[in-house]
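Here is a short note for a colleague opening this structure for the first time. Please read the points with the model on screen.

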Amino acid sequence: MWDAGQYLRFGGERARPFFDLVAQVGAADPGYVADLGCGPGNLTAALAGRWPGAAVVGVDSSPEMIAAAREAAPAAPNLSFALGDVWDWQPERPLDVLVCNAVLQWVPGHDKLVTRWADLLAPGGWLAFQLPGNFDQPSHVIVKELALSPRWRSLLAGAELNRQAGDPADYVTLLARPGYQVDAWETSYLHILPGENAVLEWTKGSTLRPVLAALDAEQGADFLAEYGERLREAYRPHPFGTLLPFRRVFTVLHRTQPPAAKPPAAKPPAAKPAAPKPAAAEPAAAEPRSANWKH
C-alpha cells in the first residue's frame with residue numbers, strides 16, 4: 001500500500017516534527033533504541049547516528065517500506081530493520097528509547113498501546129511519539145466527505161481512514177503516574193509546498209494510501225481527479241508556493257525509576273506457645289526416726 005518515493009517527496013517537511021520530537025529525549029548513552037513505524041528508514045538512520053553505541057532497530061508493517069529502508073540505509077553496524085506490526089512487536093530486552101513518529105493515527109485504540117509501551121522501558125528510559133491533529137482541515141474533511149458520498153461509499157466502506165491525535169492534556173492524563181514524567185505539547189506548522197496541486201501530492205504519500213489501495217487503477221484515477229479539483233479550491237497557490245497548515249501533537253515520557261516492588265505477603269501471626277504446666281509438688285520428706293529407737 002505504501003510508496004516510499006511518494007512519501008519522501010516532501011521528506012524535509014515530514015522530518016521536521018521528528019527532529020522536534022527527539023530533541024526532547026534526554027538519553028545520553030542508550031544501549032537499545034527502537035523506531036516503531038519507521039517507514040523508509042531515513043529517520044531511523046538519524047537515531048543510529050545520534051547514538052552510535054546503541055543497537056537501533058526500525059520496525060514497520062509495510063514490506064515496501066522495509067525494503068526501501070534496507071536499500072537506502074547507510075552501512076552502520078548498529079542499525080537494523082525488521083518487518084512487524086507495532087501492536088505485536090516485542091523488544092528483546094527493556095528499551096532505553098522508543099520512538100514512534102506519525103504512525104499512531106493509523107492505529108485504533110492507540111491509547112492502550114502507548115500505555116503498554118511505557119512499561120517496556122528500562123529504568124531511565126524514554127518514550128517519544130508524535131501524530132497529526134489536523135482532522136478538521138480540508139485535506140481530511142474532503143476525503144471523508146467523498147468516502148461517504150453515493151459514488152464512493154460502497155467502494156470505500158472497508159477503507160481504514162486515518163485517525164487523529166488527542167489533545168496534549170489527554171496524553172498527560174493517560175501516562176503520568178509515580179515514576180513517569182510526561183511532557184506533551186502541540187505545534188502547528190505552516191508548510192510551503194512547491195509544485196502543481198501540491199497538497200494532492202502530499203496526501204498521495206499518506207492520507208490517500210488506504211483509499212487508493214481499495215480502488216482499482218481506473219477508480220483511483222477518478223477519485224484523484226474529483227478530490228484534486230476540490231483541493232485546488234481549498235488550497236489556492238501563491239507565487240511562492242501553496243500553504244499547508246499542519247497541527248501535530250507530541251508526547252515525551254521519561255521513566256525515572258523502576259516500578260515499586262510489591263510488598264511481601266503478610267505472614268500469619270505465630271501461634272503463642274502453650275503455657276508451661278505447673279510442676280508437680282514434691283512428696284514431703286519422711287520424718288527421721290528417733291535416734292533412741294530400740295533394736
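1. Start with one pair of side chains. Asn134 and His140 are joined through their side chains by a polar contact of 3.3 Å. Asn134 belongs to the loop between β5 and α6. Is Asn134 buried or exposed? Its relative accessible area is 1%. The limit for a buried residue is under 20%, so Asn134 counts as buried.

2. A word on the model and its overall make-up. This is a predicted model. The protein chain holds 10 helices and 7 strands. It has 295 residues, and 46% of them are buried. The chain exposes about 16000 Å², with 57% of that area coming from carbon and sulfur atoms. Consider the contacts in the chain with a separation of 6 or more: 77% of them are between residues 24 or more positions apart.

3. Next, look at strand β5, which spans residues 121–132. How many of its 12 residues are buried? The count is 10, so the strand is largely enclosed by the rest of the structure.

4. Strand β5 has a parallel partner. This is β4, residues 95–101, and the two pair over 6 bridges.

5. Pro132 has its bridge partner in β7, namely Arg248.

6. Now the charged pairs. Side chains of opposite charge can pair when their charged atoms come close. How many salt bridges does a search of the whole structure find? It finds 10. The next points take up some of them.

7. Arg177 and Asp119 form a salt bridge, with 3.0 Å between the closest N and O atoms. This pair links distant parts of the chain, 58 residues apart. Arg177 sits in the loop between α7 (168–175) and β6 (180–193), and Asp119 in the loop between α5 and β5. Arg177 has 33% relative accessibility and counts as partly exposed. Asp119 is partly exposed too, at 43%.

8. Arg247 meets Asp167 at 3.1 Å, N to O. Again the pair links distant parts of the chain: Arg247 is in β7, while Asp167 is in the loop between α6 (138–147) and α7, 80 residues apart. Asp167 is partly exposed, at 42%.

9. Glu201 counts as buried, at 13% relative accessibility.

10. One last item to check on screen. Which residues are linked in a network of salt bridges? They are Arg151, Asp222 and Glu226.

Note on methods:
Residues are numbered from 1 along each chain as its sequence is written. This is a predicted model: local features need pLDDT of at least 70, side-chain atom pairs count only at pLDDT 80 or more; totals for chains, interfaces and linings use all residues. Side-chain values use heavy atoms; hydrogens and water are left out. Buried means under 20% relative accessible area, exposed over 50%, partly exposed in between (1.4 Å probe, protein chains only). Helices (H or I, at least four residues) and strands (E, at least two) are DSSP runs, numbered from the N terminus. Two strands pair if DSSP finds at least two bridges between them. A salt bridge is a side-chain nitrogen of Lys or Arg within 4 Å of a carboxyl oxygen of Asp or Glu. Contact means heavy atoms within 4.5 Å. Accessible areas come from the Shrake-Rupley method with a 1.4 Å probe; for residues, only the protein chains shown count as cover. A polar contact is a pair of N or O atoms within 3.5 Å; within protein, one must be able to donate a hydrogen and the other to accept it, and residues adjacent in sequence count only if both atoms are side-chain atoms.
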